[in-house]
Amino acid sequence: MNMTNIPFGTTDWERIEKVEHKGESGSAFWRTKQCGNIRVRMVEYTAGYKADHWCQKGHILLCLEGELYTELENGEVHLLKAGMSYEVADDTMAHRSYTPSGAKLFIVD
């Protein structure tokens, strides 16, 4: 991640339009801000959400509310609770997420 040419700014996430992304089950609602080549998102997963793909993108992800399970392609499963984060580089470990109860996340990628 190379953070260049990003002036100081603040973000009122409630003012950014929510865009629905359907999963294998449930939905993810993204509020997205592009900062140069860095995407910053506030994401809400509905209860029962499960990603419909394996992701290879790198992320820094902070769980703000709820619980999020992240499954790695090798079979490992990691649980994030509010206040926990994970970090993964591009093309390092394929992963996908699901949540039985819903979750709210802050993601930088």
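Colleague: Start with valine 19. What is its bridge partner in β2?

Modeller: Tryptophan 30. Bear in mind that this is a predicted model.

Colleague: In which sense do β1 and β2 pair, and over how many bridges?

Modeller: Antiparallel, over 4 bridges. β1 covers residues 19-22 and β2 covers residues 27-35.

Colleague: How many residues sit between the strands in that hairpin?

Modeller: There are 4. Glycine 26 takes a positive phi there, near 70°.

Colleague: And β2 with β3, how many bridges?

Modeller: 8 bridges, antiparallel, with β3 at residues 38-45. Phenylalanine 29 stands opposite glutamate 44 in β3. The hairpin has 2 residues between the strands. Glycine 36 in that turn has a positive phi of about 65°.

Colleague: Switching to pockets. Which residues lie nearest the centre of the largest one?

Modeller: Trp30, Arg41, Tyr45, Tyr49 and His53, out of 21 lining residues. Tryptophan 30 is also the partner of valine 19.

Colleague: What about the second largest pocket, how much space?

Modeller: About 240 Å³. It has 16 lining residues, with Ile6, Pro7, Lys33, Cys35 and Val40 nearest the centre.

Colleague: Which element leads there, and how many charged residues are in the lining?

Modeller: β2 gives the most, with 3 residues. The lining has 1 charged residue, next to 10 nonpolar and 5 polar.

Methods: Residues are numbered from 1 along each chain as its sequence is written. This is a predicted model: local features need pLDDT of at least 70, side-chain atom pairs count only at pLDDT 80 or more; totals for chains, interfaces and linings use all residues. Side-chain values use heavy atoms; hydrogens and water are left out. Two strands pair if DSSP finds at least two bridges between them. On a 1 Å grid over the protein atoms alone, a cavity is a set of points where a 1.4 Å probe fits but cannot get out, and a pocket is an open set with protein on both sides within 12 Å along at least five of seven lines; lining residues have an atom within 4 Å of a point. Grid points are joined across faces, edges and corners, and a volume is the space filled by probe spheres set on the points. Ala, Val, Leu, Ile, Met, Phe, Trp, Tyr, Cys and Pro count as nonpolar, Asp, Glu, Lys and Arg as charged, and the others, Gly among them, as polar.
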